[in-house]
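Welcome to the tour. Please have your viewer open and your selection tool ready, and we will go from stop to stop together.

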Amino acid sequence: MKKKPFPLSCHLFILFLLFSFIANAQKKSLPPGPEESHRVGGTVQDAKGNPLSGVSVTVKGTGMGTTTDSSGRFRLSVPGPESVLVFSSVSYENREEVAGRKQKMLITLNESGNNMNDVIVIGYGTAKKRDLAGSITSISAKQLEERHPASLGDALQGMAAGVLVTTSSVPGAQPNIRIRGYSTFSSAGNNPLYVIDGVLSDNMDWVNPNDVQSVEILKDAASAAIYGSRSANGVIIITTKRGLEGKPRINVQYLHTSGVLAHKLPQANSKEVRMYRQEQSPNNPAAGGNMDSLNPNFNADNDYQDVLTRLARKNQVDFGVSGGGKNMNYFTSIRALDDQGLVLNSYAKSLLVRSNIEFSPSPKFKYTSRLQFGYSTGNRIDEGNTIFQAFQRPANYALYYPDGTLTGYISGRRNPLSVALLQVNKFQNYQGTLFSQIEYQFIPSLRFTTNAVVNYTEGRTQGFLPKLLSSNNPLTNSGSEGFSRTVNWQYQAFFNYNRTFGKDHSITGLLGFSAENTQTNKASLADVNYVNEEILTLNSGTLVPSGTTTSATGNSLASLFGRASYSYKGRYIVNALVRRDGSSRFGANNRWGNFVSGALAWRFTDERFMSWTGGVLDDGKLRVSVGQTGNERIGDFDAQSKYDFGTFFYNQQSGVAPNTTIGNPNLKWESTLQSDVGMDLSFFRGRLLVVADYYIKTTSDMLYSRPLPRETGYASARVNVGTVQNRGFELALTGRPLVKKNFDWLVTYNLSIERGVVKKLNGGQSFISGNSSDAGNAAWLIREGGALGDFYGWRQLGVYAYDQSNAYNDNWERLTPNFDKSGNFLGYTFKGQPYTGTVHSVYGRSTKLQGGDAEFANLTKDSVIDNSDRTVLGNAQPKFYFAIMNTLRYKQFTLSFTFNTQWGNKIYNNAARVLDDYGTSNIIPQPYVIYHMWRKQGDVTDVPVYRSSSVGNVRVSDRFIEDGSFIRLAYLQLNYTLPPVLSRKMFAQSVNAYIYGSNLLTWTNYTWYDPEFPSSDPLQLGQDGGNYPRRREIGLGLNFYF
Amino acid sequence: MNRSFYILILTSAIAFSGCSKFLDKKPQTEIRTSAFWQTEDDIKAAIAGMYSGMQDVCSTNFLFWGDSRSDNFVDNPKYGNVVYCTNGLTSAINGSDWSPLYTVIGRANDLLKHIPQVKALQPGIDPKAINYYLSEARNVRAYCYFQLVKVWGDAPLWTIPFDSIGIDPYKTRIPVNVLLDSLIIPDLLMALSLSDPNQKTVWEANLGLTYAMLIDICMWRHDNAGAISWYDKLVASKRYSLEPTATWKNLFIAPNKTVENIWSIYWDWTTDGGAGISGQIGAGNTNSTHKISDVIWNYFSATANSKDIRGAQSIDLKVKAHDKTLKYYAVNLDAKGAQIYPANNQANVYFPIYRFADMILLRAEAANDLNDRTTALTLLNQVHTRAGLTAYADTTLRDSATMGNAILKERQYEFFAEGRRFFDLVRNGVVAKVMDPLIKIRKPDAPGFAIDMRTILWPLSITVLNANPKLVQNQPYN
């Protein structure tokens, strides 16, 4: 099975041949041929008699087809009068009609909110939505288009219940997608699997959203298990568009958006800095004042957020040509995107090119070739040293010297403007996919498909830090360059069987085989002392061996899979599937894993005893499924013991030492068992659709990095241990409250409720993820019975108002100190009664706490606040999330808007913590802290006193935990379509213009930039370390279809 | 149709029979355990790996264990942590993690297991070389266990490598004396018998280290006679002598050029990254976490002591913040005459593990303990006068206590920031006497040592404790 990837030259040759065919085919269609006698034509209209444009008309069983023009007319040639034409359009029911010899067919399509006859992609095949027994959400091109997304991931936000899309505001960044919660402890292990036109992938970064025909999200095990190995977190199937028969269709689209900082934060100005300086040095009345009024370094008053941000601009241009002849069709597209982010000098640009070609010389044979190329580049700004440094740096430090040059470091704080302008952190990525597929229809019920694909990704990064930003003495510049290359090939072959016996019994079957191989090579080099700062290639400086690394890794997978389904009149549906996967990542003893699943569906509305529901409930289906899915996303060689080198140098000898993870030859697949009960209901002839699902998803034998006793010399071993369970409820409603001739309204509501629980850990032992010391970054407690995202730390009750406030009775209840008018301490009372017993006090870091020190919940009821007083402070996962999408159409206008919500999640605002913890003398806290900090005996506040020695006033505590709930008007579009008469004058089939807005309104109590940001590590969820700010965006777009 | 169908079935069948091979992937930038340990070069590489582990041991811990808790340093407010110099250690504190030592022990165990196998595979390797490699591994292992004993006391004993997940990884702590008698000393004696006296590279754990450790261990156990006999053997080996006054600085910046250094850890930031100690006591790009204590500062900055050549070569007397120790850096002055410090990621520090002056003063300590003040004075004066100072007259150090104090002080100034001071205080039983008054000044409500002498030992790190439930925390820590 050492299959070589399909050589590029062969591929190009075949393409060349194909193009010649296309040219020939088109020429041939000009002179009247024998087919002329089978030309048919007609008009397609809706129930109200309006012509429908863009309806796809295909000849069943062939690749031939066309679409209707703006007046609903179509013409095409068919193999014979017995051919069956299929008319389909989004949100209309499909209709089949025998072609006959009619030239003036009049076809009326019924609107179908319910899309029961829509054909959807289910993995190695398709199925009618009507016959599904699993939980699959299908998203159409039309729904995606309204979002005008920069990436496909962004467009999926809110589109499906159970799919949480957390978008990032960094230019060029991809969102984080979670389907039905977190099922394992590793970041990669929680990513869904992407299947792009049949090709398995870890991401969909390179898919042009405009090329997408449909997206299917396989959520339950019964659907996803056909991709066994990596499907535990759901599968996202992306199908790109194909050309339709007819003359070339050209589309040109342009979108420009401008964005502003959506939420500006308060920052201490120079006056407030001086106030703070006086708190820092109470004995120095001059503190914070200008010791040297002529020193320009300290005489500024900067509004850093204004300095560092700008009007963000995004330009997006799409161009596409598609069409087809009798035997072939083609779809090509180009997208160019230039996104200039909010923070100065942060940008991303990309270019995506696609060409899809299908060629079927006979009705039995079809050859498909898909070529996709992508290029992206940009400057990833260092958020920590720019927009976040802006808050840390005192506002009175100069940005420029009097001679106009930029400043570098002043008092240990770098100039964020210099960093933004001068620090280089560029990337360039190239990606190409070559896909070839042959389909052969042996007999009408049996089709054979085989395909091969090569994915090539090349990446390059360049970093540079100029002398001005160096903290070394003398100043030195430094930089690095990184190179990476990944080559992946896949091969698949499978048979699809599809037959209906009699009228009532339909059977489908699938049997297939696949193999894939991935190889990644990386190199990174570091350089110092560049001779100039203009040319940043590595020959300019001196190589640093410790920054120079090379790595290479690879893995392979082989699979066998099969599926069978039986449907009786569409009333009783049974399907079962099995997949057997082998992965090179596992121990030799446990390479192969089996994944089995089954599903049942019952269309109860077809039963006679349900006939009374007629008129209200048109269609009702109950689905039950259970199945196993897997995860193998760990290091390629985690199962093997190995020796490392390249980082153990001693006296100019390169050393070798055991890798700190010991091999485990018994390592096996992580398996997730998921059961799902769902209901699909259609009311009022499709005016209201309800899809509800309840699932339980249990991952056991987790691929777990188990800590080893350090005395072994090793840190960890990969083992199969631990159980995580997710339960959830999903509800999707689609309604058409108004359907009038000139006005209609479509509303979709997707709600997801998820509850995860850690059931079993290694040895039952809880552990702390993140920060294990008592102050600083967030910490999480991972424990049995807890949930991922449980913040762990101290509960701050307040701030001691007086030195005497640190007083407790024998049961560690707070006593109230009493003072006379002149402030003399009189004694303690407890619950209004004078207290005469022993007075206990609390110590922090072995110092007795005084007035102004923070009071923490003393859970152990002893005299010290220490590690044992920690508790769970809240959870970072939303209790529920939902989206409401509305589309209102009035004549030529369409208004669509989406509200998006996450509710009940907590965020550790580490950005504020860094500012407010008094940890570094030249980091200035937020104004609130400066104004509210405890200053004198009796102050009642929630901000502790400034202390130069630490008694643990600023611990990892709920002081920095905030509610992350939000409701957002995420997208809005007002679209105007030119009346056909006008667009024809512009030689266009259709022209429309729109106003677009995103992130227009957000309601939240969260105080940093934005409550929505991706956190990839499931053990460390919900920490905001000063993320890239989000923009509020408004744009204008134009689409032409010729 | 039938034919192509069968062809397909056949191809799949063939394909699947090759699958087990297809799924066999080997690491590409690491080497599988089974492919290693073939040649002498493999041994050399693994030896370098072991020493590289010693760099991790020393990087920051060298100062934490030997100096941070002593009267040599205090915390630099805001940047350091006050608990080190006020006896307030906790299980979360940096320095409480013994993993780096056990990593080195694991690598030494690995060498001891596999060197004989390589020898069997490659009979041509010089047996002397084989023996020397074995002696290096034993020396280093003994050194690491002795550090464990000094810092934490009882510790688990691993003498074979943990090289299979089937081995029980959980071991309990073994008492100090058992560690010393059944492992550390036998290891050193074995190293002594295997070592090659002609190997004198200062970066390697050679014969000199064996002697130095035996002296150090005997003194730690107050076995003066033992220490003296090993000292005599060390002197008889004629390997070391005191470095002249003029080149004293070379002990730290060019140990391979001195006659005094016994074992120093090599460092090259371009391959190893910066030495962590630079961030603790002196780096150009960051504030030190440690400040030089008044004890040291006042002594070295006093005009009376300006003759002591160690002062200006140890600490930066020009830095008002008292937070720059320049002992480990060559003189490198800017236009204003101020020392230029390397960035913490570009700092080379050659950690002096043992040097001959240390042995001389230990021998003096032994002599003083045995009331042989004449010998003690002669030895003390060797180091004292080398520093540019006038020799002590026998009249000034007339009793054993004064002599003991003078030796201890000499050691403090001579070995400032060399990871010695705290252990000197422990060995001489004066931790509470010296430290408690200072701690009371540094932090009035801190308890000091006298209240619970068990706090001389460090707590076990929480990470270490969590990873092995069989470990018991040192009392009174929690």
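Start by selecting A:Arg783, which is partly exposed at 28% relative accessibility (buried means under 20% relative accessible area, exposed over 50%, partly exposed in between, with a 1.4 Å probe and protein chains only). This is a predicted model, where local features need pLDDT of at least 70, side-chain atom pairs count only at pLDDT 80 or more, and totals for chains, interfaces and linings use all residues. Residues are numbered from 1 along each chain as its sequence is written, chains are lettered from A in the order in which they are written, and side-chain values use heavy atoms, leaving out hydrogens and water.

A:Asp790 is buried, at 5% relative accessibility.

Next, select A:Asp581 and A:Arg579, whose side chains meet in a salt bridge at 3.0 Å, N to O. A:Asp581 is buried at 0%, and A:Arg579 is buried at 2%.

Move on to A:Asp917 and A:Arg913, a salt bridge with the closest N and O atoms 2.7 Å apart. Here A:Asp917 has a relative accessible area of 18% and is buried; A:Arg913 is buried too, at 8%.

Then switch to chain B, where salt bridges that share partners join a network including B:Glu260, B:Arg310 and B:Glu418. How many salt bridges are there over all chains? The count comes to 64.

Key
A salt bridge is a side-chain nitrogen of Lys or Arg within 4 Å of a carboxyl oxygen of Asp or Glu.
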